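Welcome! Let us take a friendly walk through the side chains of one protein and see which of them pair up.

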Amino acid sequence: MEADTVAHCGDSVAGRFAWSLTVTDIFTGWTENRAMWNKEGGLVYERISDIEKVLPFEVLGFDCDNGGEFINHALHDYFTKREKPVQFTRSRPYKKNDNAHVEQKNWTHVRNLFGYDRLDKKKTVVLMNDLYRNEWSLLQNHFMPSMKLKSKERIGAKYKKQYEPAKTPYERVLESDSVADTTKEKLQAIHATLNPFTLKKIIETKLVEIFKHIKVSSNVRQRL
């Protein structure tokens, strides 16, 4: 899995404001988000632990950037000092393409939802997490398909790319031999109760409440 953080600072990084943590699985595309007030290592550790509890599979590897919120003893020990250690790696400095999968999700799962406005009211973190944990996760993982690169061939100065058929993270989890049948059955039961249109309506209602607590910047907010 790859992890990254997004600042909801608006036009200035001064002061305190909300951050979003994005964690995405490379194989299935399954993605979870959590909000936090600032991004101290302890908070990141707590959010990642919370995310791991709801994942429908085991984490085999964890890759992040070189920020102090990730590179710390608490998070390193959390992954490496367990009965089944998780490989803990970090990207090369100044090489953003090392975390390309999660960088894409920062746009589709965070900026598309909350835009670039400054979220500097601590109470918004609770509201954001209520949305991230519930309707947003269900909509993105159960109903939003994505394509995976199958092959890339260089022809002269251009690249020819071939992609696998678009599938949702939910579909890829069901197809995986590494996921237990009992877990798949639970996911199928949840999926049978979901309606994407209902989820979108609830998301819009929760966004209205969240944006009551912010001062909208001059940037155009892009979301659903």
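A residue counts as buried when its relative accessible area is under 20%, as exposed when the value is over 50%, and as partly exposed in between. K39, with 28% relative accessibility, therefore counts as partly exposed. Keep in mind that this is a predicted model.

**Charged partners**

Side chains of opposite charge can pair when their charged atoms come close. There are 14 salt bridges in this structure. Our partly exposed K39 takes part in one of them: its partner is E69, and the closest N and O atoms are 3.5 Å apart. Where do K39 and E69 lie? K39 belongs to the loop between β3 (31-37) and α1 (41-54), while E69 belongs to the loop between β4 and α2, so the pair ties together parts that are 30 residues apart in sequence. E69 has 5% relative accessibility and counts as buried.

A second salt bridge joins the side chains of R82 and E52, at 2.9 Å from N to O. R82 sits in the loop between α2 and β5 (87-90) and E52 in helix α1, so this pair also ties together parts that are 30 residues apart in sequence. R82 is partly exposed, at 26% relative accessible area, whereas E52 is buried at 18%.

Some salt bridges share partners, and in this way E32, R34, D50 and R133 are joined into one network.

**Aromatic rings**

A pair of aromatic rings is described by the distance of the centres and the angle of the planes. The count for this model comes to 9 aromatic pairs. In one of them, the ring centres of F17 and W19 are 5.5 Å apart and the planes meet at 25°; planes under 30 degrees apart count as stacked, so this pair is stacked. F17 is buried at 3% relative accessibility, and W19 is buried at 13%.

| Pair | Centre to centre | Angle between planes |
|---|---|---|
| F17 and W19 | 5.5 Å | 25° |
| F62 and F79 | 4.6 Å | 25° |

F62 counts as buried at 2% relative accessibility, and F79 counts as buried at 1%. Both rings also belong to one aromatic cluster, formed by Y45, F62, F70, Y78, F79 and F88.

**Charges over rings**

Y78, a member of that cluster, has R82 over the face of its ring, at 4.8 Å from the ring centre. This is the R82 that forms a salt bridge with E52. Elsewhere, K152 lies over the face of Y159, at 5.0 Å from the ring centre.

**Cysteines**

How many disulfides are there? The count comes to 0 disulfides. As for individual cysteines, C9 counts as buried at 11% relative accessibility, and C64 is buried with a relative accessible area of 0%.

Note on methods:
Residues numbered from 1 in each chain as written. Predicted model: local features only at pLDDT ≥ 70, side-chain atom pairs only at ≥ 80, totals over all residues. Heavy atoms only, no water. Phe/Tyr/Trp six-rings, centres within 6.5 Å; stacked < 30°, edge-to-face > 60°. Buried < 20%, exposed > 50% of the residue type's maximum accessible area, 1.4 Å probe, protein only. Lys NZ or Arg CZ within 6 Å of the ring centre and 35° of its normal. Disulfide = S-S within 2.5 Å. Salt bridge = Lys/Arg side-chain N within 4 Å of Asp/Glu carboxyl O. Helix = DSSP H or I, 4+ residues; strand = E, 2+ residues; numbered from the N terminus.
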